[in-house]
Amino acid sequence: MPFLSSGLSALTTANGFTLWHYRTEDDRASVLALGYFTPAAAQLVPGDIVIVQAADATALLPIRGGSIAGGGVTLDASGSAPALLRSATLLADVFLAGSAVARALVLDAPPSPLNPGDALVAGVTVTGPIAQVTFSFRRSNGADVSTPQTVAVVAGRAVAGFTAPEPAGGYRLFAVDSTDPTSYVLSPPFAVTQPPRLLSEAGGTLLTESGALLLL
């Protein structure tokens, strides 16, 4: 087949150089024949390069004087269509809005003196969006004296009740936000002590509560 002008298109032009694309059903040998590109002599300039997509190959052909094509380089002997890749960079900005919310738990001071069997009222003042507080009554080794209690916060306060055990080292109260274990408060150590005993006098002798003679 002769040259078809409809198969020739310019891909890019710069500084007097043009990169062309030419699609044809002719084979590569026919395209390289002398005078094949003569009908396009007004468009082709020596130094231009034509990407030829022929029936049997895809090749890069340089244009020499008089619209004569050089031997060029065969890119693909199968003649399949060249793949043109395009890429783009997309920029995205992400803005996150946030605000600080104050939350705090402040324990009431434990009662003193505290004797075995006394009622121990554990109270906490709450600041911020805390709905429930879990109270624990603990020994010095961290073991619970009794089952922890979860109570609702009402008007910024939460209160739980425990019973003081027998003296056995120090004790502490622990209060924590029931939904966020990172928000908690631990009381200073305190003690449970035996209640004071009364002495009595009989005939000039001091007696203990049990009636035993007190020797000094």
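N15 is exposed, with a relative accessible area of 85%. Exposed means over 50% relative accessible area, buried under 20%, and partly exposed in between (1.4 Å probe, protein chains only). The model is predicted; local features need pLDDT of at least 70, side-chain atom pairs count only at pLDDT 80 or more, and totals for chains, interfaces and linings use all residues. Residues are numbered from 1 along each chain as its sequence is written, and side-chain values use heavy atoms, with hydrogens and water left out.

The backbone at N15 stands out. N15 is not a glycine, yet its phi is positive, at about 50°. The residue sits in the loop between strand 1 (8–14) and strand 2 (17–23). Strands (E, at least two residues) and helices (H or I, at least four) are DSSP runs, numbered from the N terminus. A155 lies in the loop between strand 10 (149–152) and strand 11. A155 counts as exposed because its relative accessibility is 79%. A further backbone feature is the cis peptide bond between S112 and P113, where omega is about 0°. P113 belongs to the loop between strand 7 and strand 8.

Two strands pair if DSSP finds at least two bridges between them. Strand 8 and strand 11 pair in the antiparallel sense over seven bridges. A122 has A160, in strand 11, as its bridge partner.

The structure contains four salt bridges. Each is a side-chain nitrogen of Lys or Arg within 4 Å of a carboxyl oxygen of Asp or Glu. One of them joins R103 and D180, at 2.3 Å from N to O. This pair connects distant parts of the chain, 77 residues apart: R103 is in the loop between strand 6 (73–76) and strand 7 (104–107), whereas D180 is in strand 13 (residues 180–186). R103 is partly exposed, because its relative accessible area is 36%. D180 is buried, because its relative accessible area is 15%. R103 and D180 also belong to a network of salt bridges that includes D177.

A salt bridge also involves a strand of the sheet. The side chains of R157 and D108 meet at 2.7 Å, N to O, in a salt bridge. Distant parts of the chain, 49 residues apart, are linked by this pair: R157 is in strand 11 (residues 157–163), and D108 is in the loop between strand 7 and strand 8 (119–127). R157 counts as partly exposed, at 30% relative accessibility. D108 counts as partly exposed, at 31%.

D144 and R138 form a salt bridge with an N to O distance of 3.5 Å. D144 is partly exposed, with a relative accessible area of 37%. R138 counts as partly exposed, at 25% relative accessibility.
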